[in-house]
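Hi everyone, thanks for making time this morning.

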Amino acid sequence: MIVTSIEAHTKTKVKVCLDNRTDFQLYKKEIKKYNIEVDKELENYDEILRETLIPRAKKRTLHLLEKMDRTDKEIRGKLAKNGYPIEAIDAAIQYAASYNYINDERYALSYVRNYRDYRSKNRILQDLYRKGIDKELICNAIDKEYTTDENELVLMYIRKKNYNPMNATEKEKGKMYRFLIGKGFSYDTISKYL
């Protein structure tokens, strides 16, 4: 692997780009430590990965999980954004998953439990799917944890918005319809009350 460029990233960090499209970040002092130069062969990539990047990615992963659960996809995105190569990301994910710190099934169950009183099944499904959780895990979590009557939820939002279907104008009706569609309710459920 040939080093194609070394670019300043922050005051203390640089981005190292390789010809195989691998990029990673190191502290400026580590560039000297590992003897990295532009247009030179990087023979110690495995050493850099093993000694520096993987331990740093593991530590960053644990830091990201300190305050809240996150999905596999969310952690991967954060680590990639922080300039870790795929090998370090995979190792960090595997490490955290081995201690059950990353568990998409647990995340899905918890998410459904936390939002079932405020969101429709469809909206929860979309949210979890965007977070990278497998559709089967999402459906299982919804089946186990979603106990809310969506009709009651629609009525709650209608009352909260002070919407009266008897004297609502077409504009108000359209606005309420768009609001409820945005919450993930089906046309059939909404039309019962509007």
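Let's begin with a pair of helices. Helix H5, residues 104-115, packs against helix H7, residues 135-145, at an angle of about 40°, and their axes lie 9 Å apart. Angles under 35 degrees would count as roughly parallel, so with its angle of about 40° H5 is oblique to H7. As for handedness, H5 and H7 cross in the right-handed sense. Before I go further, please keep in mind that this is a predicted model.

Now for a second pair of helices. How far apart are the axes of H3 and H4? They are 10 Å apart, with helix H3 covering residues 72-81 and helix H4 covering residues 86-98. The angle between H3 and H4 is about 140°. Roughly antiparallel would need an angle over 145 degrees, so H3 is oblique to H4. H3 also passes H4 in a right-handed crossing.

If you are wondering why I keep quoting two numbers, it is because a pair of packed helices is described by the angle between the axes and the distance between them.

Let's turn to the sheet. Here we have three strands in an open sheet, ordered S1-S2-S3, with antiparallel pairing. Which strands sit at the edges? They are S1 and strand S3, residues 23-27, and each of these pairs on one side only. From one strand to the next, the twist averages 25°.

Let's follow the chain through that sheet. Strand S1 spans residues 3-8 and strand S2 spans residues 13-18, and the two are joined by five antiparallel bridges. The hairpin from S1 to S2 runs through four residues. If you'd like landmarks, find Val 3, which stands opposite Leu 18 in S2, and then Ile 6, whose bridge partner in S2 is Val 16.

Last stop: the largest pocket. It holds about 170 Å³ of space. What lines the largest pocket? The residues are Lys 161, Asn 162, Tyr 163, Asn 164, Glu 172, Lys 175, Met 176 and Phe 179. Sorted by class, that lining has three nonpolar, two polar and three charged residues.

That's my tour, and I'm happy to go back to any part of it.

Definitions and conventions. Residues are numbered from 1 along each chain as its sequence is written. This is a predicted model: local features need pLDDT of at least 70, side-chain atom pairs count only at pLDDT 80 or more; totals for chains, interfaces and linings use all residues. Side-chain values use heavy atoms; hydrogens and water are left out. On a 1 Å grid over the protein atoms alone, a cavity is a set of points where a 1.4 Å probe fits but cannot get out, and a pocket is an open set with protein on both sides within 12 Å along at least five of seven lines; lining residues have an atom within 4 Å of a point. Grid points are joined across faces, edges and corners, and a volume is the space filled by probe spheres set on the points. Ala, Val, Leu, Ile, Met, Phe, Trp, Tyr, Cys and Pro count as nonpolar, Asp, Glu, Lys and Arg as charged, and the others, Gly among them, as polar. Two strands pair if DSSP finds at least two bridges between them. Axes are lines fitted to C-alpha atoms, for helices over the stretch in contact, and angles run from 0 to 180 degrees between N-to-C directions. Angles under 35 degrees count as roughly parallel, over 145 as roughly antiparallel, 65 to 115 as roughly perpendicular and the rest as oblique. A crossing is left-handed if the near helix is turned anticlockwise from the far one by less than a right angle, and right-handed if clockwise.
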